[in-house]
Amino acid sequence: DLGGHDTYMHKEITEQADAVDRVLRGRIDDRFATVHLGGLNLDPREARAVRRVKILGCGTSYHAGLIGAQMIEELARIPADAEPASEFRYRDPVVDPDTLYIAVSQSGETYDALAAVQELKRKGARVLGVINVVGSAIAREADGGVYVHAGPEVCVVSTKCFTNTVVSFGLLALHLGRTRDLSVKDGKRIIEGLRRLPGQIAEILEQEPQIEKLAKEFADARSMLFIGRVRGYPVALEASLKLKEVSYIHAEAYPASELKHGPLALIEPAMPTVAIVPDDDLLEKNRAALEEIKARSGRILAVAHQEQEKADRTIVVPKNEDELDPILMGIPLQLLAYHTALALGRDIDKPRNLAKSVTVE
Ligand code: M6R
């Protein structure tokens, strides 16, 4: 049921404030400044014994995992990284008993992620799932995990599930942090940030008319560059995937710090850049990157917490806690991808050559 929307993609983008509200519901424990995650199956002693976290997923779920890894490093101070599940399973990985493995999947049926989980289990590893579809193959195979409660996602292009997955990682990072060395003060700060998310998402969605105009402005591009640093880089990766999938415009994501090492050669007026510019300790560095692009006559669309002087256009998003900013910064770019695809007359819910759930290799 499209409920008055023209596509499921649009419907699902607009459902995100409610979806995030749902993933938070019943899980926050104000008294101990932590969250309860019922199905995690990881007691405090086991949580403290984790030496590394390795997150595995495909496509958008891999990108959510990249943000999750950063949150776990920042809040729980456990070394963490994410890797495409398909790559992991074919490089004969060293399976380490002190590593907590986390499989991420909307459908819970993605073959590459499932096969990685099965291989890990065969080798005795502990594997958790961060999954949307309850009772799916990966959820059944995992030792425990977090359901992301995004609700059914129909559009082939993942939007609300990405956001809820990243929020779920925020919950997991807070939980792990509070069983380790994260202070009550920081726990409370993150909880307050999490609670602000649904209202802030609603504020972003109200900007849709302006974003629609921007999409029309940039729809003539044959190729676009997406840049960000540290927290912003996975946001750039995900936004670039969204644009590619739904509009068929070629897009590439780079860490802004890598510009000088190659991609700057591509900059010209016909190659616009979308820059993720959070108001955090890398703000000045990000501004310097915008200056480099401007000096080469590049067109810039910034997603930032305040207007960016060097950008031709800025989408201003509400500021949250630094660690949670990536959750919000991708949302306007989902709308940008959607309106670009609409302007180009694409088949939005079923992009060519793609399937909702990839159950073959
Ligand atoms: O169901 P999953 O999260 O495991 O799916 C993984 C990818 O196939 C999926 O995210 C894909 O990249 C989407 N088309 C993204 O929009």
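Colleague: Is Cys155 buried or exposed, and what is its relative accessible area?

Modeller: Buried means under 20% relative accessible area, exposed means over 50%, and partly exposed is in between (1.4 Å probe, protein chains only). Cys155 has a relative accessible area of 0% and is therefore buried. Please note that this is a predicted model, in which local features need pLDDT of at least 70 and side-chain atom pairs count only at pLDDT 80 or more, while totals for chains, interfaces and linings use all residues. Residues are numbered from 1 along each chain as its sequence is written, and side-chain values use heavy atoms, with hydrogens and water left out.

Colleague: How many disulfides does a search of the whole structure find?

Modeller: A disulfide is a covalent bond between the sulfur atoms of two cysteines. The criterion applied is a pair of cysteine sulfur atoms within 2.5 Å, and the search of the whole structure finds zero. Cys155 is in no disulfide, as the nearest cysteine sulfur, that of Cys161, is 12 Å away. For Cys58 the closest cysteine sulfur is also in Cys161, at 13 Å, which is too far for a bond. Cys58 is partly exposed, at 24% relative accessibility.

Colleague: Which residues of helix H10 are buried?

Modeller: Helices (H or I, at least four residues) and strands (E, at least two) are DSSP runs, numbered from the N terminus. H10 spans residues 208–218, and its buried residues are Glu208, Ile211, Leu214, Ala215 and Phe218. Seen down the helix axis, these fall within an arc of 115 degrees (taken from the directions from the axis to the C-beta atoms), so they line one face of H10. The face turned away from that buried side carries the exposed Lys213 and Lys216.

Colleague: What covers the buried residues of H10?

Modeller: Contact here means heavy atoms within 4.5 Å. The cover includes helices H1 (8–14), H9 (184–205) and H14 (331–343), together with strands S8 (223–228), S11 (300–304) and S12 (313–316).

Colleague: How many aromatic pairs does the structure hold?

Modeller: A pair of aromatic rings is described by the distance of the centres and the angle of the planes. Rings of Phe, Tyr and Trp (its six-membered ring) pair if their centres lie within 6.5 Å; planes under 30 degrees apart are stacked, over 60 edge-to-face, and the rest tilted. The structure holds one such pair. Phe88 and Tyr101 form it, in a tilted arrangement with 6.2 Å centre to centre and 55 degrees between the planes. Phe88 lies in helix H5 (residues 85–90) and Tyr101 in strand S5 (residues 99–105), so the pair ties together parts that are 13 residues apart in sequence. Both Phe88 and Tyr101 are buried.

Colleague: How many salt bridges are there?

Modeller: A salt bridge is a side-chain nitrogen of Lys or Arg within 4 Å of a carboxyl oxygen of Asp or Glu. The count comes to 32. In one of them, Glu321 meets Arg196 at 2.9 Å, N to O. Glu321 belongs to the loop between S12 and helix H13 (325–329) and Arg196 to H9, so that distant parts of the chain, 125 residues apart, are linked. Glu321 is buried at 17% relative accessibility, whereas Arg196 is partly exposed at 32%.

Colleague: Where do Arg287 and Glu284 lie?

Modeller: They are three residues apart in helix H12 (residues 283–294), separated by about one helical turn. Arg287 is partly exposed at 25%, and Glu284 is exposed at 54%.
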